Amino acid sequence: MEKSFFIVFIIIIIMVWNRRLYREIKARRALEKQMKHMATHDDLTGLANRVLLKDRLMTAINFHQRQKLKVAVLFIDLDGFKSINDTYGHAAGDKVLVEVSKRIRAVLRSSDIVARMGGDEFLILLPRVHDDQNLLSIRSKLERDICLRPVEFDGQEIALNASIGWVAYTEAFNDV
């Protein structure tokens with residue numbers, strides 16, 4: 001009887017210990033996942049950051065070279081953003097950045113990559129661009145959606161304006 005009690009006691013201790021280890025491993029995995037996300041995404045907007053964008057850009061260029069496809073990059077800069085921060089405060093500036101990032105994502109396909117490069121600058125990676133007309137259409141939609149509607153903050157409307165530039169990469173293929 002004493003021996004079986006001791007065995008049951010040891011089994012219970014092992015089960016409790018295993019459960020504790022399982023919880024610790026689960027917490028560490030969640031923390032690792034969070035740290036990886038923090039290393040590759042902007043904390044305020046949740047968009048990709050420079051690190052992730054650089055990786056995706058190199059991957060897209062390599063893929064598109066092999067497939068002989070066009071890839072494009074759009075650069076968006078919010079005009080007068082400093083005056084928004086100065087006039088309405090940094091909380092308003094943060095609200096504008098979050099709202100602009102939502103508006104940008106709403107225009108794009110899920111395969112497109114949007115990154116916040118810092119401050120009020122956004123970069124968009126567009127894989128599988130068919131032609132320049134497609135790019136112009138996306139650019140005009142972005143201008144319309146970013147600039148047409150103001151952002152509301154504390155009962156005030158903050159008007160936005162943005163400069164958008166783009167470049168397309170097409171590998172030149174020559175028969176040698």
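Of the 176 residues of the protein, 32% count as buried, where buried means under 20% relative accessible area, exposed means over 50%, and partly exposed lies in between, with a 1.4 Å probe and protein chains only. The model is a predicted one, in which local features need pLDDT of at least 70 and side-chain atom pairs count only at pLDDT 80 or more, while totals for chains, interfaces and linings use all residues. Residues are numbered from 1 along each chain as its sequence is written, and side-chain values use heavy atoms, with hydrogens and water left out.

The protein has five helices and six strands. Helices (H or I, at least four residues) and strands (E, at least two) are DSSP runs, numbered from the N terminus. Along the sequence their order is α-α-β-α-α-β-β-α-β-β-β. The protein is more spread out than a compact globule, because its radius of gyration is 25 Å, well over the 16 Å that the globule rule gives for 176 residues. That radius is taken over C-alpha atoms, and the rule is 2.2 Å times the number of residues to the power 0.38. Taken along the principal axes, the C-alpha atoms fill a box of roughly 85 × 60 × 20 Å. Among contacts between residues at least 6 apart in sequence, 66% join residues at least 24 apart; a contact means heavy atoms within 4.5 Å.

Thr 40 is found in helix H1. Its side chain and that of His 41 are joined by a polar contact of 2.9 Å. A polar contact is a pair of N or O atoms within 3.5 Å; within protein, one must be able to donate a hydrogen and the other to accept it, and residues adjacent in sequence count only if both atoms are side-chain atoms. Leaving aside neighbours within four places in sequence, Thr 40 is in contact with Leu 47, Ala 48, Asn 49, Val 51 and Leu 52. The C-alpha atoms of Thr 40 and Ala 115 are 9.7 Å apart, although 75 residues separate them along the chain.

Asp 42 lies in the loop between helix H1 (2-40) and helix H2 (50-67). Asp 42 counts as buried because its relative accessible area is 16%. Not counting residues up to four places away in sequence, Asp 42 touches Leu 47, Ala 48, Asn 49 and Arg 116.

Leu 53 lies in helix H2. At 5% relative accessibility, Leu 53 is buried. Its contacts, leaving aside neighbours within four places in sequence, are with Ile 113, Ala 115, Met 117, Leu 123 and Leu 125. The C-alpha atoms of Leu 53 and Asn 18 are 35 residues apart along the chain and separated by 40 Å.

Next comes the largest pocket, which holds about 160 Å³ of space. On a 1 Å grid over the protein atoms alone, a pocket is an open set of points where a 1.4 Å probe fits, with protein on both sides within 12 Å along at least five of seven lines, and lining residues have an atom within 4 Å of a point. The lining includes His 41, Leu 47, Ala 48, Arg 56, Arg 105 and Asp 112. The lining residues divide into five nonpolar, two polar and four charged.

Ile 104 is found in helix H4 (residues 90-107). With a relative accessibility of 0%, Ile 104 counts as buried. Leaving aside neighbours within four places in sequence, Ile 104 is in contact with Ile 76, Val 114, Phe 122, Ile 124, Leu 142 and Ile 146.

Turning to the strands, Lys 70 lies in strand E1 (residues 70-78). Lys 70 counts as buried because its relative accessible area is 18%. A polar contact of 3.1 Å joins the side chains of Lys 70 and Asp 132. Leaving aside neighbours within four places in sequence, the contacts of Lys 70 include His 64, Leu 126, Asp 132 and Tyr 169.

Asp 154 is exposed, with a relative accessible area of 67%. Phi of Asp 154 is near 50°, a positive value in a residue other than glycine. Most residues other than glycine have a negative phi.

Terms used. Grid points are joined across faces, edges and corners, and a volume is the space filled by probe spheres set on the points. Ala, Val, Leu, Ile, Met, Phe, Trp, Tyr, Cys and Pro count as nonpolar, Asp, Glu, Lys and Arg as charged, and the others, Gly among them, as polar.
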